[in-house]
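Have a look at the sequence and the model first, then read the points below.

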Number of protein chains: 2
Amino acid sequence: MEVYLDCLPCILRQVLESSRMSTDNKELHDKIMVEALSKLRHYRSFQNSPELCRDISSIVKIKTGQTDPYYQIKQRDMRTALRLYPKLRSFVDAQQDRLHWALKVAATGNVLDSAVDIGFDVEKALDAEVSKPFSICDTQLLEQQLKTAKSLLVIGDNAGETVFDSILLEQLAHLDLTYAVRSAPIINDATLEEAQASGIDRYAKIITSGCDAPGTLLGECNKKFLNHFYDADIVISKGQGNYETLLDCDRDVFFLLKAKCPVLSTLLSVDLNDYVFKFYQCAQA
Amino acid sequence: MEVYLDCLPCILRQVLESSRMSTDNKELHDKIMVEALSKLRHYRSFQNSPELCRDISSIVKIKTGQTDPYYQIKQRDMRTALRLYPKLRSFVDAQQDRLHWALKVAATGNVLDSAVDIGFDVEKALDAEVSKPFSICDTQLLEQQLKTAKSLLVIGDNAGETVFDSILLEQLAHLDLTYAVRSAPIINDATLEEAQASGIDRYAKIITSGCDAPGTLLGECNKKFLNHFYDADIVISKGQGNYETLLDCDRDVFFLLKAKCPVLSTLLSVDLNDYVFKFYQCAQA
């Protein structure tokens, strides 16, 4: 999907936040903002917002030498998620339709997004968020495909959300599971470190996508990931960044996310902050 | 006060909103955004955000020929405020300390700010907003000065807020009152048209400041305004834009506003969305 104009102020806000996390040097903040504004002018030469966001984020890395500005935030979000894990797992275990609620818990993990709202209090909002129904709910289609499926790939999104995803993976543990993360730190997205610390490896093989944008740019992904992506019987893509980069891709995908910005909610024809589990059927498939 | 980096994404968001209000032509939206990004890079050459915002807004005016993009929004906010007026006036009339509550009502009018949040439902929030106390409350200092004062100037802010201000002016009607507005439409700020439609002229002489930025850049103000500004015994300045441009000016000013963004709340050492009635005493005065 193209770069939406609404993304530009949002990316600019995010690069400022990231600059301040990386250094207290105000002269550097100024230099980063001027360069970010220069680069943002060329937004039309980017395929989508995650690609633009990656390039803008690299300015912070180059100017400050800080390769992982959100490290502390990711650690905080991981601690929060791990604290919530026993409660969420008991909740899913107590349900009759465990798969549906495990999907809902994994979608709820998508609120752990410090790139969108660093101050969001997930513990306070948890019960309301988990019980909020999906606006688009293709669970039945997934159940149908699970009858014959042998392998499933989940493409992860944010740090902390990974812990919520492990609850979904547990419900799918009879399959050959793979869980993909970004190849390098980018904003608050999960990397190998957070996936491992989330216990994902109890249920799934963890791989990197080869992409260091906050999404999945297939043209940049490594061979191993692409093999899993095209060979897996089912792919579940988590979060907005993966949606923006995989929408209209050349295979079927289930998208599991919370529509946290007006661009996404409009595209999906849902209300802002709605939960979505949507099956995208590729025309070529 | 200088241009704060946090203002840049906010101005960019606002120019996009304003572009869409002015035209449906997406090519023009693109052209406006590219030019806005180019101009924003030079933010350090602007004295403050209202000055920068004026220059960025002029791009929309030049590219689309639309000189008053917020006209419909201002009309909507005026209708809302006029509908609320009888309730607000009765509320103030019923108070023992009418001046204090008239100040609070006028400050509450500052929530009518479609440049900050176009979807804010003021009617729904009104009771809670009016009853929320000031975080900084220099009413006693005003009362003291009112004992000897003969003239008072109010510098208005947004359309609709002007109706709330008329309730404050009524309480000060024994003074020689002047009410100043911007000289030309800029975002949702009040001009002569809205001040007159708010019934301000029942209590005060309405003048234009000579400035068409969303604030009061004294270097650009007309002679008449400057005479009132320096000669009035008391000046009450409404809203953030006037605060940003008059902070550290060369006369005493009472600032009456709601701190609607983190930059302002940090500067004022209050919480976000707090109400403030703060006396600024000029060192030279």
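1. Strand β3 (residues 176-181) of chain B runs parallel to β4(B), and four bridges join the two. Strands pair when DSSP finds at least two bridges between them. Within this pairing, T178(B) lies opposite K205(B) of β4(B). Strands (E, at least two residues) and helices (H or I, at least four) are DSSP runs, numbered from the N terminus.

2. A word on the source: this is a predicted model, in which local features need pLDDT of at least 70, side-chain atom pairs count only at pLDDT 80 or more, and totals for chains, interfaces and linings use all residues. Residues are numbered from 1 along each chain as its sequence is written, with chains lettered from A and ligands numbered from 1 in the order in which they are written.

3. Helix α4 (residues 71-93) and helix α6 (residues 122-131) of chain B have axes that come within 11 Å and cross at roughly 25 degrees. Axes are lines fitted to C-alpha atoms, for helices over the stretch in contact, with angles from 0 to 180 degrees between N-to-C directions. α4(B) and α6(B) are therefore roughly parallel to each other (angles under 35 degrees).

Technical notes:
Angles under 35 degrees count as roughly parallel, over 145 as roughly antiparallel, 65 to 115 as roughly perpendicular and the rest as oblique.
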